[in-house]
Each structure stands twice: as structure tokens, then as C-alpha cells.
Amino acid sequence: MFGGKCPFGHKPSDPFKEKREAGPVARYEFQGEQIPMILRHADVRQAAKDWQTYSSDAPFRVPIPSEEEARSMRQLPIETNPPEHSEYREIVEPFFNRPKDPAMIAQVERLIDGLLRDALARDTIEIVHGFALPLQARALTYLLNTAESEADLWIGWGIHVFRVRGGLKKGVELENYLHGKFDAASRTPGADFFSALTQASFRGRPLTREEMMGFANLAFAGGRDTIIHTITCALGHLAEHPEALEYLRADPKRITLASEEFFRVFMPLNHIGRVCPADTDVHGVTVQAGERISLAWASANFDETVFPAP
């Protein structure tokens, strides 16, 4: 029903194997910018924690490629360092803890059950737009505690709120939508994500509109194609390997570990950027102040010193 390959063409391969074995860092070019990629698992984990050497306080430059042409605000909280990061994260923590709520778990289970029943009633299904996208969009309404009917509009945006034919554009439609939601929430606040941000404060002052937009932009952009990608590739893998599906059916307790493996192998992001505030020696590679490095999960997640059979 889903075809024999991951719809994104993703195969569980390790293109960084030779580079990783040769050394801890390799330079790659991204849109004319030479970026050293940290390849080994232990080094990636260490660098991710070392915000003083590898900073996230770099608006638009944490994603690779950079997103100056895709949005007009800093994404919060990921484009900040501690202690600001923790303080910003605390503002939205109640919403991002909602997936632990039994009521939301039941909502998502009913949603998945309905989508699966619909899929199984068809001869064929295009799994990205026919299953993964509506699942992500409708589940997001539960997370943000907003009307599920909003998902119909979000589904119409496609799998990436920034992408159009020919490349990237300013996320004008998303930004206009978010401004409208914040305007409405300011006039008539409720219990939803947008209302919570209009009433939130940071260090004793109300959030600015730009800060509200930064939180909302990340919620919509950062959690969209990443989730769709992983769901689609997991289903593609099970379609190609029906014995794996039977293995999970034989003992549903295996599903949790299998989910972790899906995220490791079909990682939603191949890598993420950090900026060096000062001249830095990155495992023998000199990075000038203001230049970026990459935390290469696509390599680290296949590191044989951590995963014996990656």
C-alpha cells in the first residue's frame, strides 16, 4: 500500500563513515560557506552542551542553510543561550508537556486510528500528504489547545511552511497568520497557545510581539517537516520490511525502542549549526570568530563506537 521505499528516498545508509573514521571533523560547503562538521558521537554531544564555545545566540544561523531569507524573527527558545534559553523555555513548557497528558494521548490515538482506517479502506495512498501531513497538523492543534478546524488551513500550506517552488521565501503567509492569531488573542484571550503568549512575561515585562512570533514560528516551522519526514520514513521502512512490523506486533512493548531507532536512523534534522564567538580550535580545525560549525547528527547517529550495528 505504501510502496517499497521511503517516500523521501531516505535509505538507512552512512555517507559519513569514511570521513568519520579518518578524523573527527570534515569541512563541507553550504551555499558558499565552508562549515566544519563535527562527526563523532561523543564530540557532538560534548559540543552541544558547550554553549560558551559553540553558541546558539545567532538569529537565523542555527539552521543550516541559514534562514535570513525565510523568516524575519529569532526562533525561541532555540536561538538563545543559557540562562535565557531556560527562562524562555519555561514560558511554553506547559504546552510542550501536554503530550504526557492522558487526555491528549487518547486524542492522538483516536486521530491515528481514524487515519489508519481511512488509509486501509483505499487501494493506494500517497503517504506524505494523505497521512503524515494531516496527522502532524491535527496533532499540533491538540498541542496548542486550539480548534482542530485550524488544521485544514495548515494542511494547505504543505509540508514546509517556508518552501515554495524554486526555493525559500519569506514566510509571509505564516507570519500574517500568526499576527492575526495574536491580535485575536489579545482582544479575547482563551486557554490556547497564542493567548498564553500574549499574557506571558519575561524577566518582569510582557513579551514583545517579536518574541511571541519567535515562539510560534518555531512551533509551526520547526515541528512540521521534521515530524512528517520521520513518520513517512518509518512507514516506508515497515512497508519495505514487513517482518519488522510483525516483530513489533508480536510484542508491543518493543514499539518504544523501535521509535527511538526510527528517530536515530531517519533523523528529522541531519545537522544543526552553532557559532563560535571567538577563534576556536575544533579538533584541529581553526574556526574564526563569527564562523559556524555543524553538529552532524547524521554522522554521530551511525558512530560504530556507540552503535555496534548502526
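Two strands are taken to pair if DSSP finds at least two bridges between them. The model toured here is predicted, and the first stop applies that criterion.

Select residues 25-30, strand β1, together with residues 33-38, strand β2. These two strands run antiparallel to one another and are joined over six bridges.

Now extend the selection to the whole sheet. It is open and consists of four strands, ordered β1-β2-β10-β7, with mixed pairing. The edge positions belong to β1 and to β7 (272-275); each has a single partner strand, so one side of each lacks a neighbour in the sheet. From one strand to the next, the twist averages 35 degrees.

**The aromatic rings**

Next, show the side chains of Phe, Tyr and Trp. A pair of aromatic rings is described by the distance of the centres and the angle of the planes. In this model the count of aromatic pairs comes to 14.

Begin with F95 and F193, an edge-to-face pair with 5.6 Å from centre to centre and 90 degrees between the planes. The two residues are 98 residues apart and link distant parts of the chain: F95 belongs to helix α3 (residues 84-96), F193 to helix α8 (residues 193-199). Is F95 buried or exposed? Its relative accessibility is 10%, so F95 counts as buried, the cut-off being under 20%. F193 is buried as well, with a relative accessible area of 1%.

Which residues form one aromatic cluster? The members are F95, F96, W154, W157, Y177, F182, F193, F194 and F220.

**Charges over rings**

Two further selections pair an arginine with a ring. Select R254 and Y247: the charged end of R254 sits over the ring of Y247, at 3.8 Å from the ring centre. Then select R264 and F307, where R264 lies over the face of the F307 ring, 4.7 Å from its centre. The tour ends here.

Definitions and conventions: Residues are numbered from 1 along each chain as its sequence is written. This is a predicted model: local features need pLDDT of at least 70, side-chain atom pairs count only at pLDDT 80 or more; totals for chains, interfaces and linings use all residues. Side-chain values use heavy atoms; hydrogens and water are left out. Axes are lines fitted to C-alpha atoms, for helices over the stretch in contact, and angles run from 0 to 180 degrees between N-to-C directions. Rings of Phe, Tyr and Trp (its six-membered ring) pair if their centres lie within 6.5 Å; planes under 30 degrees apart count as stacked, over 60 as edge-to-face and the rest as tilted. Buried means under 20% relative accessible area, exposed over 50%, partly exposed in between (1.4 Å probe, protein chains only). A charge sits over a ring if NZ of Lys or CZ of Arg is within 6 Å of the ring centre and within 35 degrees of the ring normal.
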